[in-house]
Amino acid sequence: LELSRVEEGNLEFEMLPLDIRQGAEYALRSLNSMAKDRQIELGLVCTQEEIPLVNINQESIERVIINLLSNGIKYTPVGGRIDVIVTHLSESKEVRVDVKDNGIGIPEECLAQIFDRFYRVEMKVHTIKGTGLGLTIVKKIIEKHNGRLSVESSLGQGSTFSFYLPVAEPVEQESPNVAGTDVVIN
């Protein structure tokens with residue numbers, strides 16, 4: 001149902017210029033007890049003090065980060081670590097969010113397909129349940145935000161899922177215009 005809602009062509013998210021760190025903090029708090037049950041440490045790293053605002057639908061971006069974190073928790077062994085890393089890429093005018101784990105990793109030959117609907121990486125080392133829709137939902141939401149998505153992974157080393165969102169354009173403040181007064185500039 002969630003995927004169908006996101007895929008509807010006429011569904012438009014209400015976008016506001018917001019601080020992405022708030023969505024990341026919410027997602028981390030939401031999954032903190034799940035991570036603690038598996039003795040996995042969660043962290044938030046901001047690579048710069050100043051992170052510009054991005055035009056986002058807060059709830060949808062929280063869903064993206066929660067999906068990526070919950071996958072990380074599922075595929076990271078007890079005692080592992082998952083970080084959400086927020087970086088401002090000033091050259092490309094984007095904010096990058098990485099969800100980096102030290103889990104079991106994804107075989108290289110599967111990386112091109114993991115965002116496909118119902119695709120699941122099946123390996124003899126795990127029998128984790130799921131529908132194969134979580135990453136498809138993540139991809140569709142990021143696309144609706146005019147962003148892009150990538151993944152890097154090595155077997156036994158972990159995975160890093162990254163999404164990139166354009167920095168919000170500054171909103172120009174109109175100067176107050178008081179009716180009936182003339183402004184003279186000399």
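**Briefing: a strand residue, a core and a helix pair**

Thr160 is found in strand β7. The model is predicted. Strand β7 (158–166) also gives two or more residues to the largest nonpolar core, and that core has 37 residues.

**Thr160**
- Thr160 counts as buried because its relative accessibility is 18%, and the cut-off for buried is under 20%.
- Leaving aside neighbours within four places in sequence, Thr160 is in contact with Asp98, Val99 and Lys100, and with Ser150, Val151 and Glu152.

**The largest nonpolar core**
- Ile20, Leu69 and Phe163 have the most contacts inside this core.
- Helices α2 (20–37), α3 (58–74) and α4 (134–144) are among the elements that give it two or more residues.
- Strands β3 (54–56), β4 (81–89) and β5 (94–101) are also among these elements.
- Helix α3 gives the most, with seven residues.
- Ile20 touches Ile51, Val54, Ile56, Ile61, Val86, Val95, Val97, Phe163 and Leu165, not counting residues up to four places away in sequence.

**Helices α3 and α4**
- The two helices α3 and α4 pack at an angle of about 150°, and their axes lie 9 Å apart.
- Helix α3 is therefore roughly antiparallel to α4, since angles over 145 degrees count that way.
- The crossing of α3 and α4 is left-handed.
- On the α3 side, the contact is made by Ser60, Ile61, Arg63, Val64, Asn67, Leu68 and Asn71.
- On the α4 side, Gly134, Leu135, Ile137, Val138, Ile141 and Ile142 take part.
- The residues of this contact divide into eight nonpolar, four polar and one charged.

Definitions and conventions:
Residues are numbered from 1 along each chain as its sequence is written. This is a predicted model: local features need pLDDT of at least 70, side-chain atom pairs count only at pLDDT 80 or more; totals for chains, interfaces and linings use all residues. Side-chain values use heavy atoms; hydrogens and water are left out. A nonpolar core is a set of buried Ala, Val, Leu, Ile, Met, Phe, Trp, Tyr and Cys residues joined through side-chain atoms within 4.5 Å. Buried means under 20% relative accessible area, exposed over 50%, partly exposed in between (1.4 Å probe, protein chains only). Helices (H or I, at least four residues) and strands (E, at least two) are DSSP runs, numbered from the N terminus. Contact means heavy atoms within 4.5 Å. Axes are lines fitted to C-alpha atoms, for helices over the stretch in contact, and angles run from 0 to 180 degrees between N-to-C directions. Angles under 35 degrees count as roughly parallel, over 145 as roughly antiparallel, 65 to 115 as roughly perpendicular and the rest as oblique. A crossing is left-handed if the near helix is turned anticlockwise from the far one by less than a right angle, and right-handed if clockwise. Ala, Val, Leu, Ile, Met, Phe, Trp, Tyr, Cys and Pro count as nonpolar, Asp, Glu, Lys and Arg as charged, and the others, Gly among them, as polar.
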